[in-house]
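Keep the model open and turn it as you read.

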Amino acid sequence: EGERVTFLEIKESKITDNVAWCVSSQHHQLTDAGTGKVLWWFETKEVDNRVGIPAISADGKKFVFLARHSNQPTKDVFGAEIFDVCSRRWERAFQVQPDQLSGKIFSGVQFTPDGKQLVVGGWSKLRFYDAASGKQLRELAPSKDLYVFAVSQHHVAVGGKKGVVIADLKSGDVLKEIRNREDRPIETTHFSPDGKWLVYYV
């Protein structure tokens, strides 16, 4: 873009017990997390290939990339593309609804632990999509203070400026609030694989 040059650091960005992800030379790269062996190089088909939010399913079998649609006339159309890691195949793409606040659009994307649903976080609510069809199933708004989130088998944890809210995954009912200092927002939240422990970083 004229004299503007952008450097993208190549580093590990998402990892499960089985698969690690990074972007290198504008290609997505999935790597065996144990051996470092490259499993697959690929590009997205319908959404921006360079700037977006990735997620890997808990079993390492599915990969999703959430980004702006590259072939839409408006810049406010977003989509998710799902890939099958085992067969190294593109599966599907579907449109997702943005939740814009203060110039920010999404707070994250995750698979549910069983890999059947995709959870897309806005800045006021979570939207659940069927991973097989792309159909939006429901919405949850456990907290309006939504910067980051994590999903377990039975709970969802939402982190923001005021702390962490833990809610029931099905009903959205708030079960516990962990208060935090106002000037230190929650940067990230994660459940343990069995869902019994929650860790968050300030």
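Two strands count as paired if DSSP finds at least two bridges between them. Keep that rule in mind for what follows. The model is a predicted one.

Start with strands E5 and E6. E5 pairs with E6, residues 62-68, in the antiparallel sense. The pairing runs over 4 bridges. Ala55 stands opposite Val64 in E6. Pro54 has Phe65 in E6 as its bridge partner. The hairpin of E5 and E6 has 5 residues between the strands. There, Gly60 takes a positive phi near 75°.

Now widen the view to the sheet. How many strands form it, and in what order? There are 4 strands, in the order E5-E6-E7-E8. The sheet is open, and the pairing is antiparallel. Its edge strands are E5, residues 53-56, and E8, residues 89-96. Each of these edge strands pairs on one side only. Neighbouring strands of this sheet are turned by 20° against each other on average, direction ignored. Strands of a sheet pair through backbone hydrogen bonds, either parallel or antiparallel.

Strand E15, residues 163-168, and strand E16, residues 174-179, run antiparallel. They are joined by 5 bridges. Val165 stands opposite Glu177 in E16. This hairpin has 5 residues between its strands. Gly172 takes a positive phi near 80° there.

Step back to the whole chain. Its secondary structure comes to 18 strands and 0 helices. The chain has 202 residues, and 43% of them count as buried. Take the contacts in the chain with a separation of 6 or more: residues 24 or more positions apart account for 33% of them.

The aromatic side chains come next. The count comes to 10 aromatic pairs. Why is the pair of Trp21 and Phe63 stacked? The ring centres of Trp21 and Phe63 lie 6.2 Å apart and the planes meet at 25°, so the pair is stacked. This pair links distant parts of the chain. Trp21 is in strand E2, residues 19-24, while Phe63 is in strand E6, and the two are 42 residues apart. Both Trp21 and Phe63 are buried.

Phe42 and Phe83 make another pair. Their ring centres are 4.6 Å apart and their planes stand at 40°, so this pair is tilted. Phe42 lies in strand E4, residues 38-42, and Phe83 lies in strand E7, residues 78-84, so the pair ties together parts that are 41 residues apart in sequence. Phe42 is buried, and Phe83 is buried too.

Which residues form one aromatic cluster with these? The cluster consists of Trp21, Trp40, Phe42, Phe63, Phe65 and Phe83.

Arg138 lies over the face of Phe128, at 4.1 Å from the ring centre.

Note on methods
Residues numbered from 1 in each chain as written. Predicted model: local features only at pLDDT ≥ 70, side-chain atom pairs only at ≥ 80, totals over all residues. Heavy atoms only, no water. Axes fitted to C-alpha atoms, helices over the stretch in contact; angles between N-to-C directions. Buried < 20%, exposed > 50% of the residue type's maximum accessible area, 1.4 Å probe, protein only. Contact = heavy atoms within 4.5 Å. Phe/Tyr/Trp six-rings, centres within 6.5 Å; stacked < 30°, edge-to-face > 60°. Lys NZ or Arg CZ within 6 Å of the ring centre and 35° of its normal.
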